[in-house]
Amino acid sequence: MITIILFGGMLLLFALGVPVAIGLGLAAVVAIQDLEHTNLGVIIERMFYGLDNFVILAVPLFMLLGEVMMAARITERLVEFAQAFVGRLPGGLGQVAVVSNMLMAGISGSGTADAAATGVVLVPAMTNAGYRRSLAAALVGCAATIGPIFPPSIIMIIYASVAGVSIARMFLAGVVPGLLMGLGLMVIIGFMARRDRVGADGPPFSVRRAIHATWRALPVLGMPVLVIGGILGGVFTPTESASVACLYGMFLGLVAYRTIRLRDLPRLLGAAALTSGKVQFVLATASVFSWILARADAPRQLASLPIFSVGTSPWLIMTGLDILMLVLACVMEAIPILLIITPMILPIALKAGIDPIYLGVVMTANLAIGLVTPLIGSVTFVMCGISRVPLLEFGRRSLPFLAVLVVGLLIITYTPAMVLWLPNLLLGVE
Amino acid sequence: MVRRLLHWSDRLFLGTAALFSAIFLTAISLQVLYRYVLELPSPWTEEMARYLFIWSAFLAAAVSVGRDDQFHIPAFIEWLSPRPRRMLQVAIDILQLGFALVMVRYGSIMADRMMMARSPVLPMPQGIAYMVIPIAGFYMAVHLLCRLLLPGMRPERP
């Protein structure tokens, strides 16, 4: 009964357009009247505990890092670096866009930040080189979806803290899927360039230029080494690594490149705080929501439904999850979906013998693709804003790249061994 | 007049949230410094960072409610024609106001109760950390009431 009130109330409020955080909270306020020995004080308590978590602190810090990196205009150096190596491949600048986004993915934790940072540099450059503006926007947008799959990743941090799994393991498990998505995009760009007889547009490869570009990009390329290496080597906790990365990013912008001034910092901190506040409010009320679900024993009841009996194949569950998440991604933002679905799917997955790390990577990949859906995808909005391309035109041009991403998603979904190979190799089998 | 006041109070709230993020960033970085350079334990940095983060998050969330800049599903409301849309917006604001008032009332009860509970490490009661919830709820309620009662106060959705 409580479960029906909770979900029914939530869906109704969401459909009407009530903000997600408040919709979750109100559904909880109504459902709690049905629980014995509880009063509304528990809502406040759960909202507090939802945020009282040192791991979650990495989220605002990675958001701040995204703001700092964008203001410090580090992308130009990464693009130059990518250009020196892949600019001669068929579809030159397109390949550069993918590689730049893969490099950005290793620095920032968010696809939206990657899209904004690379889009402002690459879309004008590609348009000047003769690309259709909408194609350039679609390509950069789809490449930016690698951001949350490749470590570090805000989505993975939130998943790891809700599901209670190791962030280091999650991060490592995202490496191969991220590379796979990137390579897939590079292949289709090469293919499209051949078909349309677009030659390589970059200058010829030269060792001198490659060394020069690497040297210029080296301080920026040090960032993933610092973050990922620091976490894996046990030097920092993920939260600490995020704060060290922020300081390093500020150092690059303020001292090394002189692209940000000290008086820009309050604005960057404020922008990051506002984005983070929006997310944390959902996190707070979602933790009330999932606490009531757990009190009402809903996840266990759901997991004991006949379709999730022991004999059900994990593939079937994972396929169902892919479909459900892609549909949800067309109407909802990534983090709210993650916070609502994870507590429900986790008991089902564990019962079917599905590894929670692999489950998290598949969910992340789904949510990443959801970033470029036409109605609500935040990357779609960023790219359409930067390039002034209408939503529908963007959607139409992204279809071939979306198809590649979905194929990548299916490969990830059906080969858990590929996802778990790297974490098992470096951290041992769990 | 009211619009100007709200503009300045938004800046105050967001400025405080930004300042608190700067402090927790410093606290966490200090924690690393203490461990590796000074080889001293720093029990207070983690707890301080968590509490400042909670304050910063709720203060910024209150501003996001005030600016009507939250995650939501716009499909249905944008499909409506202007008149029913305005009516639905009023209904949504009343619902939001209801939740803000829950945050004020039960938040202050919890904060009051937690004034008795000592924080594990820092020399302060846990109630101080809880206090941000009624404060944020109150500020949300102020924004929503202004929007409901005064004409022309509805923010443009970003």
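Figure 1. Arg261(A) is partly exposed at 47% relative accessibility (buried means under 20% relative accessible area, exposed over 50%, partly exposed in between; 1.4 Å probe, protein chains only). Asp264(A) is buried, with a relative accessible area of 12%. The two form a salt bridge, with the closest N and O atoms 3.8 Å apart (a side-chain nitrogen of Lys or Arg within 4 Å of a carboxyl oxygen of Asp or Glu). The model is predicted: local features need pLDDT of at least 70, side-chain atom pairs count only at pLDDT 80 or more, and totals for chains, interfaces and linings use all residues. Residues are numbered from 1 along each chain as its sequence is written, chains are lettered from A and ligands numbered from 1 in the order in which they are written, and side-chain values use heavy atoms, with hydrogens and water left out.

**Figure 2. Asp10(B) and Arg67(B).** The side chains of Asp10(B) and Arg67(B) meet in a salt bridge, 3.8 Å from N to O. Asp10(B) sits in helix α1 of chain B and Arg67(B) in the loop between α2 and α3 of chain B, so the pair ties together parts 57 residues apart in sequence (helices are DSSP runs of H or I with at least four residues, strands are E runs of at least two, and both are numbered from the N terminus). Asp10(B) is buried at 7% relative accessible area. Arg67(B) is partly exposed, at 32%.

**Figure 3. Asp68(B), a residue with positive phi.** Phi of Asp68(B) is near 60 degrees, a positive value in a residue other than glycine. Asp68(B) is placed in the loop between α2 (43-66) and α3 (75-79) of chain B. Its relative accessibility is 5%, which counts as buried.

**Figure 4. Salt bridges in the whole structure, and one that crosses the chains.** The search finds nine salt bridges over all chains. Glu240(A) lies in helix α14 of chain A and Arg35(B) in helix α1 (residues 2-38) of chain B, so this pair joins two chains. The closest N and O atoms of Glu240(A) and Arg35(B) are 2.8 Å apart. Glu240(A) is buried, with a relative accessible area of 1%. Arg35(B) is partly exposed, at 34% relative accessibility. Elsewhere, Glu393(A), Arg396(A) and Arg397(A) are linked in a network of salt bridges.

**Figure 5. The interface of chain A and chain B.** The contact takes 57 residues from chain A and 51 residues from chain B (contact means heavy atoms within 4.5 Å). About 4,800 Å² is buried between the chains, and carbon and sulfur atoms give 79% of that area (the accessible area, 1.4 Å probe, that two parts lose on being put together, summed over both). Three salt bridges cross the interface. Seven residue pairs are in polar contact across the interface, both residues at pLDDT 80 or more (a pair of N or O atoms within 3.5 Å; within protein, one must be able to donate a hydrogen and the other to accept it, and residues adjacent in sequence count only if both atoms are side-chain atoms).

**Figure 6. The chain A side of the contact with chain B.** Elements that give two or more residues to this side are α1 (2-16), α2 (20-32), α3 (41-51), α4 (58-71), α14 (238-256) and α15 (265-295) of chain A. α15(A) gives the most, with 13 residues. By class, this side has 41 nonpolar, 11 polar and five charged residues (Ala, Val, Leu, Ile, Met, Phe, Trp, Tyr, Cys and Pro count as nonpolar, Asp, Glu, Lys and Arg as charged, and the others, Gly among them, as polar).

**Figure 7. Backbone features in two loops of chain A.** A cis peptide bond joins Pro151(A) and Pro152(A), with omega about -10 degrees. Pro152(A) is found in the loop between α9 (146-149) and α10 (154-163) of chain A. Arg73(A) lies in the loop between α4 and α5 (75-86) of chain A. Phi of Arg73(A) is near 50 degrees, a positive value in a residue other than glycine. Arg73(A) is partly exposed, with a relative accessible area of 45%.

**Figure 8. Arg169(A) and its surroundings.** Arg169(A) lies in helix α11 (residues 167-173) of chain A. At 8% relative accessibility, Arg169(A) counts as buried. Leaving aside neighbours within four places in sequence, Arg169(A) is in contact with residues including Ile357(A), Pro423(A), Asn424(A) and Glu430(A).

**Figure 9. Confidence along chain A.** Chain A averages a pLDDT of 88, and 98% of the residues score at least 70 (pLDDT is the predictor's confidence in each residue, from 0 to 100). Confidence in chain A is lowest in helix α16 (residues 298-303), at a mean of 75, and highest in helix α19 (residues 356-370), at 95.
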